[in-house]
Amino acid sequence: MNDKTDTKVGTSPRVIGPHSRVRLHYAITLEDGTVADATVGEMPLEIELGSGALHPNLERLLLGRVAGSSDVVVLPPEHGFGARDPAQIQTLPRHDFPPDMNLAPGDIVGFTTPGGDELPGAVIELDDSAVTLDFNHPFAGHTLSIGLNIIDVDE
């Protein structure tokens, strides 16, 4: 046998575990076919599970998968980013924003929580006196199709 064959005989595939380092490509598609996020055609994503780089529900999708595998997983809202929460839509006085800050619907504005975390809000409506922001995750309320191509796994 040649050396290449010897390395394959008797080895088991590298399985993704709770603290694995994983290199992968992914594509997240909404119900209407819109590709919302993807690495296909770009550099692959390199992450360490448990580091907080991915939403916990996305990390759970990776557990148990093996290097070299590819598939598509359908993730309903209750197993993904949850339902949209109307309480996450808030209206703030326009004077809370810098006067020279140009805002438009669709803009994402970053806020720092008292704990120091960044919280993005999407501007959904504004006028001279108020700005209405949506603090729901953009994937909340959506059934997502997630294409996964696991390139490599380091345990």
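What follows is a walk from the nonpolar cores to the aromatic pairs and then to a sheet.

This is a predicted model, in which local features need pLDDT of at least 70 and side-chain atom pairs count only at pLDDT 80 or more, while totals for chains, interfaces and linings use all residues. Residues are numbered from 1 along each chain as its sequence is written, and side-chain values use heavy atoms, with hydrogens and water left out.

A nonpolar core is here a set of buried Ala, Val, Leu, Ile, Met, Phe, Trp, Tyr and Cys residues joined through side-chain atoms within 4.5 Å, where buried means under 20% relative accessible area, exposed over 50%, and partly exposed in between, with a 1.4 Å probe and protein chains only. The largest such core has 21 residues, and those with the most contacts inside it are Leu24, Leu62, Leu144 and Ile146. At least two residues of this core come from each of β1 (21–29), α2 (56–62), β4 (70–75) and β9 (144–154); helices (H or I, at least four residues) and strands (E, at least two) are DSSP runs, numbered from the N terminus. The most is given by β9, with five residues. If residues up to four places away in sequence are not counted, Leu62 touches Ile16, Leu24, Ile47, Leu49, Leu54, Leu148 and Ile150, contact meaning heavy atoms within 4.5 Å. A second, separate core has seven residues, including Val123, Val131, Leu133 and Phe135.

The structure also holds three aromatic pairs, a term for rings of Phe, Tyr and Trp (its six-membered ring) whose centres lie within 6.5 Å, with planes under 30 degrees apart counted as stacked, over 60 as edge-to-face and the rest as tilted. One of them joins Phe97 and Phe111 edge-to-face, at 6.1 Å centre to centre and 80 degrees between the planes. Phe97 lies in the loop between β5 (89–93) and β6 (108–112), whereas Phe111 lies in strand β6, 14 residues apart. Phe97 counts as buried because its relative accessibility is 5%, while Phe111, at 23%, is partly exposed. Phe111 also pairs edge-to-face with Phe135, at 5.5 Å and 65 degrees, and Phe135 is buried, with a relative accessible area of 13%.

Five bridges join β6 to the antiparallel β7 (residues 118–126), and Val109 stands opposite Gly121 in β7.

Note on methods. Pairing = 2+ DSSP bridges.
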